[in-house]
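Subject: Handover of a structure

Dear colleague,

Please find below the sequence and the structure that I am handing over to you.

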Amino acid sequence: MSEITKNSILNTIKNVQNPDLDTDHLGLNSIKVFKLENDVLTLEISIPSKVETINKKTYEQIVDSIKKEHTSLKEIHLNIQTSIPTVTNAKDPKKDVLLPGVKNTIAVASGKGGVGKSTVAVNLAVALAKNGAKVGLIDADIYGPSIPLMLGVDKKPRTIQTESGVKLEPVESYGLKLISIGFLIDDNNPVIWRGPMASGAIKQFMSDVHWGELDYLVFDMPPGTGDIQLTLVQTIPLTGSVIVTTPQEVSLIDARKALKMFNRVNVPVLGLVENMSYFIAPDTGKRYDIFGSGGGEKLSKELTTPFLGGIPIDPRIREGGDKGIPIVYDLEGSKEAGIIMKIAESLNEQVNIRNSSSKGKVEISLGDD
Ligand SMILES: Nc1ncnc2c1ncn2[C@@H]1O[C@H](COP(=O)(O)OP(=O)(O)OP(=O)(O)O)[C@@H](O)[C@H]1O
Ligand SMILES: [Mg+2]
């Protein structure tokens, strides 16, 4: 008899054919409660649905399919939350023109420079791709494009002929499609960008690049909250943003400013990531809160923004950046990679919540009768 796990239950539900339900888009995150005790399964699951209220027949269909697959179960208490997908940005005419095949666009931003925004953007993008999403990454940092280095990319994109004309083909690395402002400029002759130039370049990265179908297009933003950054966030049709901060007050002040900037242009802040949260000495295992502790979580409460997680300082994260192999890829299975994978899952969940409006919550328990 097969073991009853979250995964096995998820797979069973994914196979349920019902026109009211969109089971294709279920992930482990969709299972909100999973409790198995004495062959009694208590399950709460969030399913994207085309109807507001799930009828009894649909419940029975799901419960029956679980029972059929796992005959040892005596009772199943199933609670379904439905969410009706209303992809917010799909209605944004700017996005339809610029990025017709892209489902979600995320800006990774920080008020302050050097807090690890690019490191977080790269690792989150790779983590989302590892979780099965189709992901693109735009390095929009006009001050210091660093993503090609962090992903070990040294070739430039080619141009290709497509149905809609000649386009730039993004460079592929670690399952991501990448375009960087660094591809346009010469390292030794830095360009001084002005707002319109920067937004013109980013517009081209959206419309003149052959992105194809993507679940996520992540933008690594230049640090700061000045005119250029504001122009950029107005140029990109954004699903939402992720703000990266370190725990100390000087960084938190700038994170607050970044949040205000996104509020000003009505871009939802999907969550806060605290980077360089602490350091665990490899020889003693002792924790050092180098930049203080709890700042990110406190700020997320103050700003009522989800806290997506805290990433420790780890020399291997820096080394990964320098040698062009992101830690989620290089040290798969490490605690640090696990933390970043979790943050990607939480981000994905926030995006799903944004893209759906949670509707009815109906509960049904079906015993063995
Ligand atoms: N958690 C971490 N542990 C160790 N090193 C880190 C961590 N996060 C970032 N770094 C290192 O800190 C440096 C700055 O990080 P990064 O370039 O990602 O910051 P940034 O916010 O994008 O900077 P900028 O504002 O200049 O764009 C890099 O050398 C990076 O490898
Ligand atoms: Mg950067």
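The shell around ligand 1 is made up of six nonpolar, ten polar and four charged residues. Please note that this is a predicted model. The shell holds 20 residues, and those that come nearest to the ligand are Gly113, Gly116, Lys117, Ser118 and Thr119. Four elements supply at least two shell residues each: the helices α4 (117–130) and α10 (315–323), and the strands β12 (269–280) and β14 (307–313).

**Confidence in the model**

The protein chain has a mean pLDDT of 87, and 91% of its residues reach 70 or more. Residues 85–91, however, have a pLDDT below 50, and this stretch has 15 contacts in the model beyond near neighbours in sequence. The pLDDT is also below 50 over residues 357–369, a stretch with 28 such contacts beyond near neighbours in sequence. Where pLDDT is low, the predicted coordinates should not be read in detail.

**Strand β12 and its partners**

Strand β12 is mostly covered, with nine of its twelve residues buried. Which strands does β12 pair with in the parallel sense? One is β11, joined to β12 by five parallel bridges; in this pairing, serine 241 stands opposite valine 269 in β12. The other is β14, which pairs with β12 over five bridges, and here valine 273 faces glycine 309 in β14.

Strand β12 also has an antiparallel partner, β13 (residues 287–288), to which two bridges join it. In that pairing, phenylalanine 279 stands opposite tyrosine 288. β12 and β13 form a hairpin with six residues between them, and glycine 285 in the turn has a positive phi of about 75°.

**Valine 244**

Valine 244 belongs to strand β11 (residues 240–245). Is this residue buried or exposed? Valine 244 is buried, because 30 other C-beta atoms lie within 10 Å and a count of 20 or more is enough for that label. Apart from its neighbours within four places in sequence, valine 244 is in contact with Val108, Ser110, Val115, Gly116, Lys117, Val120, Val273 and Asn275. By contrast, the C-alpha atoms of valine 244 and tyrosine 288 are separated by 20 Å, the two residues being 44 apart along the chain.

**The nonpolar cores**

The largest nonpolar core has 75 residues, of which Val108, Leu124, Ala125, Val218 and Ile340 touch the most other members. Helix α4 gives this core its largest share, nine residues. Alanine 125, setting aside its neighbours within four places in sequence, is in contact with Val135, Leu137, Leu176 and Val218. A second, separate core has 14 residues, including Leu41, Ile45, Ile54 and Val63. In soluble globular proteins, nonpolar side chains tend to be buried together.

**A strand that is hardly covered**

Strand β6 (residues 158–162) is hardly covered: of its five residues, the count of buried ones is zero. Five bridges join β6 to strand β7 (residues 165–169), and the two run antiparallel. Threonine 159 stands opposite leucine 168 in β7. The two strands, β6 and β7, form a hairpin with two residues between them.

Asparagine 38 lies in the loop between β1 (31–37) and β2 (40–48). Its phi is positive, about 45°, although asparagine 38 is not a glycine. Asparagine 38 counts as exposed because it has 6 C-beta neighbours inside 10 Å, and 12 or fewer meets that description.

Asparagine 266 sits in the loop between α8 (249–264) and β12. Its phi is near 60°, again a positive value in a residue other than glycine. With 7 C-beta neighbours inside 10 Å, asparagine 266 counts as exposed.

Glycine 182 is found in the loop between β9 (176–180) and α6 (195–207). Glycine 182 is buried, since 20 other C-beta atoms lie within 10 Å. Leaving aside its neighbours within four places in sequence, glycine 182 is in contact with Asp139, Pro145 and Pro148. The C-alpha atoms of glycine 182 and leucine 26, which are 156 residues apart along the chain, are separated by 37 Å.

A colleague

Conventions. Residues numbered from 1 in each chain as written. Chains lettered and ligands numbered in written order. Predicted model: local features only at pLDDT ≥ 70, side-chain atom pairs only at ≥ 80, totals over all residues. Near = placed C-beta within 6 Å. Nonpolar A, V, L, I, M, F, W, Y, C, P; charged D, E, K, R; others polar. Contact = placed C-beta atoms within 7 Å. Pairing = 2+ DSSP bridges. pLDDT = per-residue confidence, 0-100. Core = buried A, V, L, I, M, F, W, Y, C linked by C-beta atoms within 7 Å.
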